[in-house]
Amino acid sequence: MAERNILDEIVNRRKNDIDQLGWEFGFKIPETRQRKVHPFLESKGVILEVKRASPSKGDIAPDLDSGATALSYARSGAAAISCLTETNYFKGTLQDLMNVCSAVDSFEKETGKTGPAVLRKDFLIDEKEIEIAYRAGADAVLLISRILPTEKMISMAKKCEKLGLTALVELRLDEDVQKLAEVVKTVDKKYIAAGVNSRDLRDFTIDLLTPCAMLNKIRNVLGKDARVIFESGIRTPQSTAFAGSLGFAGMLLGEAAAKNPQIRGELVKSFVDSKETSNARFWNKFAALKQRGQTPMVKVCGLTNLPDAEKSASLGADFLGFIFWNKSPRHANEQVVRKARKSAACKNKTLVGVIVDPDDEEAQIAINLAKEGILDVIQLHTIGCARKFLAKDEYRQLPHYAAINITEGTDPLLLDELFDMGEPRVLVDAQTGDKIGGTGKQISPELVQKVQKKYKLWLAGGLSPLNVKNVISSFQPELIDCASGVEAEPGKKDNKKLEDFFENLK
């Protein structure tokens, strides 16, 4: 059975509607534009979206009043307002677009301020639709690279330039960036912004790091001051702050803004006020590396001595894990980590400090090593550790990711909690009794599949030379973590097991 492609469904149904209703979908659009064109996202800001439903969520705010919502968005400090005009899956219309533009004009009369720009967000396929958007009052339109051939995208972007509108070109793949490069050969860059959707429009899964991987590639085409917008997948002030710290000029918020009017202002403020952090630098770097590196990436954890770290690195480990918890038989010390940082064999490897309680003395050593740049990232082992660590702003800015033990069907919901806190990756591990790592126990396939359906899979628990090939073929993890499965005894690796493990990855 063929895998469902929601994007193709939307476009095909839309073409049928155009054949039956015409380009204006039965709505009466003014013959000439009635309002001035507003500049689109001239400074860092948030685009709030008028959105009633989506293919992934179904009804979000079915009774939403588009004009009243837009007025609320303007008062909340939105830099722009995105209005869905697709009917079948998002329950939007061209009348909504005109209502939003009217609401912005009312806001300007009420306050004397310049109102937010208005974006027509739809699955546009022809220049005629840009003309209609212009007449309806839009200041910008969305052009989705994946559904537009290069020549058509160039022609539509030229139409935007002629009318003074901004073309927000949505990208996800390298070939989309190549299309963008062709566009800017003939269209002035001041009429081009770029958006990267964290949601894959084929199946509506989300990866918060997809925009990061594209950021520098887009800047290479549009310049360092490019307006690059982080789209979709953000629901809380914590996650908006994370997106803002990554270096994006804008962020588009749909569901979170539509469903939660009480936090609209906070969502905007947390993005606009965010600054670059060492955590953001880590994830931007990781996003670029994962595109070039092997799949899966490999973490060897529980390292306690330099020879084991160097052996793991020489075989191809990407992450080298050192445990800072004195109850573990794989407890490492500061000197070993410092030696690994200086080792030529470990150069360009990611050094991980694993902590269990941010407040204990051992964890503080790891945290200080991360502040110093000796450790590249902190692993917050257990959900309790993650909650405690992430509650402190000082810690949250340090490079980190969470690792949680899952044993029951409801445990994967913890990933949703962490995702909403702006955590782009979570390592899932097994649990046996009061042990929290290095147990040699695997997570049940059913639980792994639950995680895999929603998130990029980082997997630990019982991985060994004997089962790693099957695990990879079954689940296609992005990162795997091995510890006890490649040991001679707790805290000491077995060179032959390490060699067999990496050989079986090929």
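**A tour of rings and strands**

Start by selecting Phe282, Trp283, Phe286, Phe319, Tyr401 and Trp458, which ring pairs link into a cluster. Rings of Phe, Tyr and Trp (its six-membered ring) pair if their centres lie within 6.5 Å; planes under 30 degrees apart are stacked, over 60 edge-to-face, and the rest tilted.

You are looking at a predicted model, where local features need pLDDT of at least 70 and side-chain atom pairs count only at pLDDT 80 or more, while totals for chains, interfaces and linings use all residues. Residues are numbered from 1 along each chain as its sequence is written, and side-chain values use heavy atoms, leaving out hydrogens and water.

The whole structure holds 12 aromatic pairs. Next, pick Phe501 and Phe502: their ring centres are 5.8 Å apart and their planes stand at 75 degrees, so this pair is edge-to-face. Both Phe501 and Phe502 are buried (under 20% relative accessible area; exposed is over 50%, partly exposed in between; 1.4 Å probe, protein chains only).

Now show the strands (DSSP runs of E, at least two residues, numbered from the N terminus). A closed barrel of 8 strands runs β1-β4-β5-β6-β7-β8-β9-β10, with parallel pairing (two strands pair if DSSP finds at least two bridges between them). Strands β9 (residues 228-231) and β10 (residues 250-253) run parallel, joined by 3 bridges. Zoom in on Phe230, and you will find Met251 of β10 opposite.

Last stop: Thr166, in strand β7 (residues 166-171). Is Thr166 buried or exposed? With 6% relative accessibility, Thr166 counts as buried. Beyond its neighbours within four places in sequence, Thr166 has contacts (heavy atoms within 4.5 Å) that include Phe40, Asp139, Tyr191 and Arg227.

Key: Helix = DSSP H or I, 4+ residues; strand = E, 2+ residues; numbered from the N terminus.
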